[in-house]
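We will go from stop to stop, selecting as we go.

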Amino acid sequence: MKKRGSTHGGAAALCAVVMAALLPGCGGKESPAAQVDDGTPLKVKEGGNLVFGVATELNNFDPFTSLTADVRAVNFNIFEGLLKVSEDGGFVPALASSYKVSPDAQTYIFVIRKGVKFHNGKEMTAEDVRWSVQNAIDKKLSGYNNIESFSIEGDTLSVHLKEPDAGFTARMTAAIVPAGSQDLSLHPVGTGPFKFAEYAEQDHITLVRNEDYWGSPAHLDSVTLKFEASQAGLVLSFQAGTIDGFNASADTVSQLDDSATRKYLTNSNTVQLLALNNEFEPFKNADVRRALSYLVNSEEIIAMVNYGYGSKLGSALIPNLAKYYDSSLSSVYDRDVDKAKSLLEQAGYGKGFSFTITVPSNYNVHVRTAEVIVNELSSAGIDAKIRQVDWATWLQNVYKGRQFEATVISLDGSIAYPSAFLSRYVSTSEKNFINFKSDAYDRAYLAAEESVDEAAQIDGFKKAQQILNSEAASVWIQDIAEFIVFNKKFAGNRPYPLYVTDYSAIYQVEN
């Protein structure tokens, strides 16, 4: 679930010119030259400390229980799985040195990499892998309920599934941790290029370079993540020089001095939506939900809120999962007030109705989006009011408690695979906080999940998106563009089809 909002707005299907660096762990130790957004070659200076501002406090780094995208973005640097996502959306060996999949996609075999050390100095063993897989099953990580059995012989892990799952490689990016780990929330121990060093409540966390990293080491000595209460606070801290960088929305970038700022337009790969509680009376009716879809003008929101940076969406999947993404759906609900009014009349709400949009107050991009939506809905007699709440209240009451009528938020995927985005709309999913129920969707999603043939699987996931769109489970808005900004002393960005920040790609610039 995306938490960043105004400071981590989302991702447009736009190309950023990024550091031409090797993927950590894929061989090579040199520090290559880099290209940044202005095309100027830069020379890497090893070492140094980066202070990076983040919008909210992060306080649970347990990879098996943390809920928010912001934590996952940091954990990407601390923890690793047997496999790791690559920049092109594929999966490459990480803590497994190699792997293979049976033709029926029900048996997966991984050879455990030797010579890997955890951040506590202990060497990773087969027992750590066994314990971590069992813990993922016990903690009900997505897809792990499909494991029929698994076993380890020597340095080889074999996993047998109940049902075929051609996307199980994406599941195996889940963290491997020391066997018996008890408190990972504020004492995370992984194998990644950075290790957790310090947590200061309501102030910062510090990561330090893992000098025993098995792959390509990070450039920086350390990264301090400084907690700020608002986007305005991040801007002021950046301008004052107390932080070296942060993730900025398009409106924030316009406030920064170009001559002192290095900017990367990047992809955070999230789905911004007006999420509708399908148990709330007006939104039980699909025609009402369709009417709202015709009234909400994504293009206007992108222009007014995000200075034109963003990708209009028509379903719950991000464009960067390109082969699965149905781009045709983005134009289905082009703004049409007459169609909306007709649907409302048909549903018995010809005179409109009232409802409340609950929005996390510390994410300006969602608050501003809600303000535009309120105005757009008024053209059909719908009276929407905005209720701003703090993030903890939103998480507890809206996401966990499902006590809301509508909300504006962005949702991420925990893995680079369609199921991470689409599984939350299955009727029985614990993450289905909008209470969407559709037998047709459940069938289509399950068929896609169980398909072994890639073409059939792609068609299946597209069909699932089409059902979400036709039933207007919610109002899909956009994949929001964001910028990573640094002062001129730092550079580097490595994009993935995930909502992560790869600190190992960031480096000091040699003058």
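Select helix α7, residues 286-295. Its buried residues are A286, D287, V288, R289, A291, L292, S293, Y294 and L295. Buried means under 20% relative accessible area, exposed means over 50%, and partly exposed lies in between (1.4 Å probe, protein chains only). Nine of the 10 residues of α7 are buried, so the helix is largely enclosed by the rest of the structure. Helices here are DSSP runs of H or I with at least four residues, strands are runs of E with at least two, and both are numbered from the N terminus.

A word on the source: this is a predicted model, where local features need pLDDT of at least 70, side-chain atom pairs count only at pLDDT 80 or more, and totals for chains, interfaces and linings use all residues. Residues are numbered from 1 along each chain as its sequence is written, and side-chain values use heavy atoms, with hydrogens and water left out.

Now show what surrounds α7. Its buried residues pack against β16 (271-276), α6 (281-284), α9 (337-347), β18 (354-360), α10 (364-378) and β21 (475-480).

The crossing of α7 and α9 is left-handed: the near helix is turned anticlockwise from the far one by less than a right angle, whereas clockwise would be right-handed.

Show the side chains at this contact (heavy atoms within 4.5 Å). D287, V288, R290, A291, Y294 and L295 in α7 meet V337, K339, A340, L343, L344, Q346 and A347 in α9. By class, they are nine nonpolar, one polar and three charged. Ala, Val, Leu, Ile, Met, Phe, Trp, Tyr, Cys and Pro count as nonpolar, Asp, Glu, Lys and Arg as charged, and the others, Gly among them, as polar.

Next, select α13 (residues 439-450) and α14 (residues 454-470). Their axes come within 8 Å and cross at roughly 160 degrees. That makes α13 roughly antiparallel to α14. This crossing is left-handed. In α13, A440, Y441, A444, Y445, A448 and E449 meet Q457, G460, F461, K463, A464, I467 and L468 in α14. The contact divides into nine nonpolar, two polar and two charged residues.

Stay here and look at rings. Y324, Y417, F436, Y441, Y445 and F461 are linked into a cluster by ring pairs. Rings of Phe, Tyr and Trp (its six-membered ring) pair if their centres lie within 6.5 Å; planes under 30 degrees apart are stacked, over 60 edge-to-face, and the rest tilted.

How many aromatic pairs does the whole structure hold? A search finds 30. Select F52 and Y503: their centres are 6.0 Å apart and their planes at 70 degrees, so the pair is edge-to-face. F52 is in strand β4 (residues 49-54), and Y503 is in the loop between β23 (490-491) and β24 (507-509), 451 residues apart.

Last stop: N487, in strand β22 (residues 482-487). Buried or exposed? N487 is buried, with a relative accessible area of 15%. Beyond its neighbours within four places in sequence, N487 contacts F238, I243, D244 and A260.

Note on methods:
Axes are lines fitted to C-alpha atoms, for helices over the stretch in contact, and angles run from 0 to 180 degrees between N-to-C directions. Angles under 35 degrees count as roughly parallel, over 145 as roughly antiparallel, 65 to 115 as roughly perpendicular and the rest as oblique.
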